[in-house]
Amino acid sequence: MFTKIIDGVTRACFFLATLSLGLIVAVFSIEVIMRYFFASPTFWALDTVTFLFCASLMLALPEVTRTDGHIAVSIILDFSSRGFANKFRLVIYLVSLVVVSYVAYITLVEFLRLFETGINTLGSFRVPKWMVFGLIPLGLFLSALQLVLLLKKQLSEVHSDRKGA
């Protein structure tokens with residue numbers, strides 16, 4: 001049940017990330033048309049694209065983690081025995097979980113500080129920074145939960161290797 005809920009939230013975030021990418025394309029297209037065909041560039045396009053890029057990046061992170069789709073140099077895993085590779089992958093997931101959880105905690109503390117102080121963004125139009133920054137700890141915490149699920153799956157792989165040996 002826990003896995004289905006986390007995966008469902010992850011997929012919903014990924015859907016929002018793809019919408020953000022689509023909006024980036026639309027906003028840039030509007031900017032190009034306005035700037036080059038009407039000689040009247042928008043004042044909001046650059047800031048909007050920046051915010052949408054943050055949303056796209058952080059909302060896609062948990063899905064990339066779930067599918068184990070990060071770029072990896074896997075030469076050690078590729079040329080190792082199955083048992084060693086499974087144990088090494090377990091270490092990789094564990095270290096990744098610790099690092100991602102720590103960074104998520106740091107960004108959550110910063111998010112709370114931004115929320116309390118009410119600092120706004122700089123630029124053409126101002127929005128509270130916490131509204132944009134809040135996606136960072138969200139994406140990182142959800143990615144950490146996906147790493148927990150990957151760790152659990154990898155533990156069962158290591159355990160099945162021991163049974164088969």
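Guide: Buried means under 20% relative accessible area, exposed over 50%, and partly exposed in between. The model is a predicted one.

Visitor: Why is Glu157 called partly exposed?
Guide: Glu157 has 27% relative accessibility. The buried class ends under 20% and the exposed class starts over 50%, so Glu157 counts as partly exposed.

Visitor: What makes the pair Glu157 and Arg82 a salt bridge?
Guide: The closest N and O atoms of Glu157 and Arg82 are 3.2 Å apart. The cut-off is within 4 Å, between a side-chain nitrogen of Lys or Arg and a carboxyl oxygen of Asp or Glu, so the pair qualifies. Because Glu157 lies in helix α6 and Arg82 in helix α4, the pair ties together parts that are 75 residues apart in sequence.

Visitor: Is Arg82 buried or exposed?
Guide: Arg82 has a relative accessible area of 55%. The limit for exposed is over 50%, so Arg82 is exposed.

Visitor: How many salt bridges are there by this rule?
Guide: The count comes to 4. One of them joins Arg66 to Glu63, with the closest N and O atoms 2.8 Å apart. Arg66 and Glu63 are 3 residues apart in helix α2, so about one helical turn separates them.

Visitor: How do you know which class Arg66 and Glu63 belong to?
Guide: Glu63 is at 11% relative accessibility and therefore counts as buried. Arg66 has a relative accessible area of 22%, which makes it partly exposed.

Visitor: What makes Arg113 and Glu110 a salt bridge?
Guide: Their closest N and O atoms are 2.4 Å apart, and the rule asks for within 4 Å. Arg113 and Glu110 are 3 residues apart in helix α4, so about one helical turn lies between them. Arg113, with a relative accessible area of 39%, is partly exposed, and Glu110, at 25%, also counts as partly exposed.

Visitor: Which residues touch the most other members of the largest nonpolar core?
Guide: Leu140 and Leu147 do, in a core of 16 residues. The elements that give two or more residues to this core are α2 (45-66), α4 (82-117) and α6 (135-164). Helix α6 gives the largest share, 7 residues.

Visitor: What does Leu147 touch, leaving out residues up to four places away in sequence?
Guide: Leu147 touches Thr65, Tyr93, Ser96, Leu97 and Val100.

Visitor: What does the second, separate core include?
Guide: That core has 8 residues, among them Cys13, Ala17, Ala60 and Leu149.

Notes:
Residues numbered from 1 in each chain as written. Predicted model: local features only at pLDDT ≥ 70, side-chain atom pairs only at ≥ 80, totals over all residues. Heavy atoms only, no water. Core = buried A, V, L, I, M, F, W, Y, C linked by side-chain atoms within 4.5 Å. Buried < 20%, exposed > 50% of the residue type's maximum accessible area, 1.4 Å probe, protein only. Helix = DSSP H or I, 4+ residues; strand = E, 2+ residues; numbered from the N terminus. Contact = heavy atoms within 4.5 Å.
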